[in-house]
Amino acid sequence: MVRPETRFFTCGEARDAVLYVRNLNDFEWKGAALRVTKGGKTYLLGVEGLHISTSRIEPIDLPPESLQPSNPFTDPSLFTTRGEEIP
């Protein structure tokens with residue numbers, strides 16, 4: 001099993017914060033689920049906040065950083081606590 005090598009970091013504060021996710025391996029991530037924990041709450045990328053039965057995680061694909069630099073996540077509204085209990 002190959003362990004992913006990643007680097008996560010932020011720049012800025014509060015709603016102006018930008019999240020960087022870097023894939024440092026030489027293989028592409030397909031369908032990865034991104035969770036961020038801050039202040040004791042877990043936020044998921046792309047979970048629809050309408051109703052728990054329609055909540056879903058929006059998987060991301062991330063090529064190796066050596067092939068394509070990753071774009072930062074700049075919109076905090078893409079993350080929600082809805083569906084926090086989804087494994």
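Predicted model: local features only at pLDDT ≥ 70, side-chain atom pairs only at ≥ 80, totals over all residues.
Residues are numbered from 1 along each chain as its sequence is written, and side-chain values use heavy atoms, with hydrogens and water left out.

**Exercise 1. The overall picture**

Find how many helices and strands the protein chain has, and what share of its residues is buried.

Solution. 
- Step 1: Start with the secondary structure, in which helices (H or I, at least four residues) and strands (E, at least two) are DSSP runs, numbered from the N terminus.
- Step 2: Counting these gives 0 helices and 7 strands, and the pattern along the sequence reads β-β-β-β-β-β-β.
- Step 3: Now turn to burial: buried means under 20% relative accessible area, exposed over 50%, and partly exposed in between (1.4 Å probe, protein chains only). Of the 87 residues in the protein chain, 25% are buried.
- Step 4: Finish with contacts, meaning heavy atoms within 4.5 Å. Among contacts with a separation of 6 or more, 58% are between residues 24 or more positions apart.

**Exercise 2. Building the sheet**

Work out the strand order in the open sheet of 3 strands, and explain why β4 and β7 stand at the edges.

Solution. 
- Step 1: Recall the general idea: strands of a sheet pair through backbone hydrogen bonds, either parallel or antiparallel. Here, two strands pair if DSSP finds at least two bridges between them.
- Step 2: The order is β4-β5-β7, and the pairing is antiparallel.
- Step 3: β4 (35-38) and β7 (79-80) each have a single partner strand, so one side of each is left without a neighbour in the sheet.
- Step 4: Look at β4 and β5, which pair over 4 bridges. Val 36 has Tyr 43 as its bridge partner in β5, and Arg 35 has Leu 44.
- Step 5: These two strands form a hairpin with 2 residues between them, and Gly 39 in the turn has a positive phi of about 60 degrees.
- Step 6: On to β5 (residues 41-45) and β7, which pair over 2 bridges. Leu 45 stands opposite Phe 79, and Leu 44 stands opposite Thr 80.

**Exercise 3. The nonpolar core**

List the residues of the largest nonpolar core, and say which residues Val 21 contacts beyond its close sequence neighbours.

Solution. 
- Step 1: A nonpolar core is a set of buried Ala, Val, Leu, Ile, Met, Phe, Trp, Tyr and Cys residues joined through side-chain atoms within 4.5 Å.
- Step 2: The largest one has 9 residues: Leu 19, Val 21, Trp 29, Leu 34, Leu 45, Ile 60, Leu 62, Phe 73 and Phe 79. Strands β2 (18-23) and β6 each supply at least two residues of this core.
- Step 3: Leaving aside neighbours within four places in sequence, Val 21 is in contact with Arg 7, Phe 8, Trp 29, Leu 34, Leu 62, Ser 70 and Phe 73.

**Exercise 4. Aromatic pairs**

Describe the geometry of the 2 aromatic pairs in the structure.

Solution. 
- Step 1: Rings of Phe, Tyr and Trp (its six-membered ring) pair if their centres lie within 6.5 Å; planes under 30 degrees apart count as stacked, over 60 as edge-to-face and the rest as tilted.
- Step 2: Phe 9 and Tyr 20 are stacked, at 4.8 Å centre to centre with 10 degrees between the planes. Phe 9 belongs to strand β1 (residues 6-11) and Tyr 20 to strand β2, 11 residues apart.
- Step 3: Phe 73 and Phe 79 are edge-to-face, at 5.8 Å centre to centre with 75 degrees between the planes. Both of these residues are buried, whereas Phe 9 is partly exposed at 29% relative accessibility.
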